[in-house]
Each structure stands twice: as C-alpha cells, then as structure tokens.
Amino acid sequence: MLSPNFPAHQKQSERSLAPVSSKFEQVALSHVMSSPGKIAADSPAVTLTVEPTTALIDEQVKMQVRGLNPGQLVSIQTQVFTESGTTKFVSHANYRANNNGSVSVQTDPSLGGSFTGVEPMGPFWSLAPAPEHAKKFSRLIKYDVGTPFVFTFDVVDHQGEGKNEVLASATIKRCFIADYVEALPIKSGHAEGVLFLPEKRDSESSDPLPVVIDIRGLGMQPPMDRAALLASHGFAVISYHYLAAMIRQGVTGCIEGQGFLDLMDYIRSHPRLDETRVGMSTSCFGTAVGIQAATTLTLPFKIKCFMGVGFLDFFYALIGWRRPDGSEIEPYGPLSSQSEKWVDEAGKTRFCFSDLEKYNISEGDEQIVAIEKMECPMLMFGLGDDKHIPSLRSMQRCLDRLKKAGKEDLVEYVLLPGHGHFLEAPYQANCPASRFSPPDLSGPYIAVWGGDDAKTVAQERESSWKQSIEFFRKHLAPSASYRTDWS
C-alpha cells in the first residue's frame, strides 16, 4: 500500500519547527557557507534577508541585501540538494548595489549569471545541477512531501580587495504541504493512494470539501507534490496510485477500472468529502486513464471538471485496461516498439517515444479513449516543446473529435509554446532531460523532456498554475478560504 513517509497526524508546523533530521536537510545546512571564495571576517554590516523563512513552494519570497557600498557588485548564489542529498543544484545572479548600498531581488535587475533582468523568483526557477553533478542528469523532484527542501543563499563580493568573499548568508525552507493539511493513506478495494485533507475551518463552513483526484504518468513512484500543494488551496486531493498493484506484480497487465469505482465509494463514504463536487487533475498517461474512467465507467456521480496535461489519448505501451466485468483492452504493444533510443556525443543512451504516425491508429480502435463522450468542463494544456511524447498532435486530435461531437465549448485549450513534458507548480527548477527508468524496467536512460528555455518555462508555469487554481475554484466552488496569495 502506498503511504506517505510521515505520520498522517503530524502537522507541517510541527515538522518545520522540529530539529533538522532528514539526510538531505543535514547535507544542505552543512553547506550554508560554501562558496568559491573565503568567508569575509570584516563584513558584519552586510545582511541578507529572505522572507518568509518557511513557505510553500508556490509562494513568492522577498530577498534583500543591505549594508553594501553604493555601486558594489555582488553575486547572490543559491543552492539546494536533491532529496537524497547526493546532487546539488545551483544558480547565481549578479547585482549592483544602489545608492543606499542595498539590493532587492524583487525590483533590481540581474546583470548576468543564471538569468538577467528583474526576476523576483529567478534564484529558484533558474536552478540547474552544479557542474560537478551535471552528468548525473538528476531531476529536483519531491517524493517525501513531509519534509521541505532547504535552500541556502550566499552574497559574494565581486570587486575590490575582498573579491569572492562571502559577505552574508541565509537559509530557508520550501514546503509542499501546508500546516493545515493531513495526509491519510487510502486502501479501498482496488483503489490505493493518499488523501490530502485540509483541516476544517472553525470560523466558516468549509465542509464537505470538494475533491480533486490527481492522476500522474507511468512512473514507478508517483510524485505527490502537486496533490499536496493543491490541497493547500482548500481542496481535498487524492493522489491516486493506479499502478500500485501492478508494480507489486512486475508492471504487467491492466489497470483495474474497478479501482475507480472503489475510489468513488471511498469518497461517498467519507464524512468530509462532497461527492457532488469531484474533479480530476491529470498528466501524461494519467490523462488517458482519467478520460477512460470518466467516459466508460458507470460512476455513482458525475465528474464536475477535468484538467489534462501533455498526453496521448490511447493505451500505447505496456499497460491495458480491465473493465469491471473482467474484459480487457490490450495496449498497442511493448515499449520497445513505440520508443526511440540513441547514443549522444557523451555516450549516454537517450530515450523518447516515437512519432504518432508510427502507431497506425485508426478511428474506432478500442485503445483510443472516448474523449468525445466527456460531459464536463475541461482545461487542457498543450505543451509546445514536449520532446518526450508527441502530445501536441494527440491534443489536436482530441480537439478535433470534441468539435466533431459538438462539444468544443466544453474545453478551454491553453498552448504553452515553450514548455516541455513536466508542467510543475511554479518556481521550481527546470528539467529538460534526466535519468529515467521505464516501467518495463529497462534502462535507465536519459529521457528528453524538452523545455530548454528556463525563463519561458518559469513564466508558463506561473500562469498555468494560476489558471488551474481558478479552474477548480470555479467548477468545484470551495466555500472556505485557505489562501489569498493566489486569489
């Protein structure tokens, strides 16, 4: 059974105030003062303030340096370690102090480095693996949402006799789960996952809560970062692990359609969940799975809204679908027949899925999910630089089928021209390529995700996250206010 890596009753406020104990936090804090140069012993007046010191990953922070000489050139260097503590991500930006001897990242332009111009959250979204770790092809991703990422910042002098001295440092924590959200393991029939449940508001009527079912791609360990973070906005969110049983059996066979029916029964029986306000948030293969469930199963209640990101609209490799009556839909074939591999100039084996023309799909094939049967409002994000799967062409085919069925008014389509395969919450490190182990256990390979321009990706993530929150608020109508910063 999938379960979070922290006790369900433990609040984030307790975790954030507790002594540092996780491996990656210890590693990060041990490097607070690391820099290319020595620590300045005669710069006590220089201060670096980063606020808030503990915040959710989609909250903006304010960063200011004071006590510099007017016109002094400094670099703000940022670093964070992956969850395992083995890979460091870094960024840096150069600033010139104003006449008051201060630098504000919110209003002053970066003159060079990992980004340029006025970018309040640039130190975060421009993070990339440190040069000595670049060949690991790591992705800065959070699986254990019960612990934060620890970021450290150094202000480094870049002129005069004290060149390359560290003038000031600061450390903050960035969390994926709010202090008012609990994580509760789910095991109900064929359904497995984690429920992220915001606490009941005493001052206003929050219950029963609207529900979002979060369904991810074909990863062996589905990340729960999006589900936990979305719950901080006042939704009950279920991270549905539809592959859990299959992984125990070696990742072969079919997804159990019955699992969705069991999940619906769980929602109906939970005293704090509203079965009349249930939506889906999906990406990659999870979108095909979600559409299949919404259009072919006799659900006890209707899906109110649906969000899909970067997907192929059919069961294309490895995994099929088992109907509640026991009959099965087989996938198109083995992964090896639907993917491409090549060796790059560094000798690394790279991997992506093949072009759609190679799938030989025809209208009426049972592997194609029946998106034209959807009856609820849909928000679809097209990923213009998705290099992992040919999702844009699949998305266009879906739009054409909806239009043919007279349902184009149900869908809001947003094209993100510069975005790669992973549409994350804002202010996180970009990942154009990383190590990837396909579900057939071959590899690992270097998967090509796309989205090479980190600044464009950052802008599209911020706008799409706001659109997503607004979409679910509009159609699921949460009655209590949990956050105002994204309103």
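Here is a set of questions and answers about the model above.

User: Happy to start with confidence: what is the mean pLDDT of the protein chain?

Analyst: Good place to begin, since this is a predicted model, in which local features need pLDDT of at least 70, side-chain atom pairs count only at pLDDT 80 or more, and totals for chains, interfaces and linings use all residues. Residues are numbered from 1 along each chain as its sequence is written, and side-chain values use heavy atoms, with hydrogens and water left out. pLDDT is the predictor's confidence in each residue, from 0 to 100. Here 84% of the residues reach 70 or more, and the mean for the chain is 86.

User: In what order do the three strands of the open sheet lie?

Analyst: Strands (E, at least two residues) and helices (H or I, at least four) are DSSP runs numbered from the N terminus, and two strands pair if DSSP finds at least two bridges between them. β1 (47-51) and β6 each pair on one side only, which makes them the edge strands. Five bridges join β1 to β3 (residues 62-66), and these two run antiparallel. The order is β1-β3-β6.

User: Which residue in β3 is the bridge partner of E51?

Analyst: The strands concerned, β1 and β3, are joined by five bridges. For E51, the partner in β3 is K62.

User: Is S104 buried or exposed?

Analyst: S104 is found in strand β6 and touches M63 and Q64, not counting residues up to four places away in sequence. Buried means under 20% relative accessible area, exposed over 50%, and partly exposed in between (1.4 Å probe, protein chains only). Because its relative accessibility is 13%, S104 counts as buried.

User: Which residues is A168 in contact with, leaving aside its neighbours within four places in sequence?

Analyst: A168 sits in strand β9 (residues 166-175) and is buried, with a relative accessible area of 8%. Its C-alpha atom is separated by 8.4 Å from that of V65, which is 103 residues away along the chain. The contacts of A168 are V46, T47, L48, F153, D154 and V155.

User: How many residues does helix α6 have?

Analyst: The helix covers residues 257-269 and reaches 19 Å from its first C-alpha to its last. That is close to the 18 Å expected at 1.5 Å a residue, the expected span being 1.5 Å times one less than the number of residues. Its buried residues include F260, L261 and L263. The number of residues in α6 is 13.

User: How many salt bridges does a search of the whole structure find?

Analyst: A salt bridge is a side-chain nitrogen of Lys or Arg within 4 Å of a carboxyl oxygen of Asp or Glu. One of them brings K455 and E119 together at 3.3 Å, N to O. This pair links helix α9 (residues 454-476) with the loop between β6 (103-104) and α3 (122-125), 336 residues apart. The whole-structure total is 22.

User: Which residue does R272 form a salt bridge with?

Analyst: The closest N and O atoms of the pair are 2.6 Å apart. R272 lies in the loop between α6 and β15 (273-283) and its partner in the loop between β11 (191-198) and β12 (209-215), so the bridge ties together parts 65 residues apart in sequence. R272 counts as buried because its relative accessibility is 16%. The partner of R272 is D207.

User: Are the rings of F436 and W449 stacked or edge-to-face?

Analyst: Rings of Phe, Tyr and Trp (its six-membered ring) pair if their centres lie within 6.5 Å; planes under 30 degrees apart count as stacked, over 60 as edge-to-face and the rest as tilted. Both F436 and W449 are buried. Their centres are 5.6 Å apart and their planes are at 80°, so the pair is edge-to-face.

Key:
Contact means heavy atoms within 4.5 Å.
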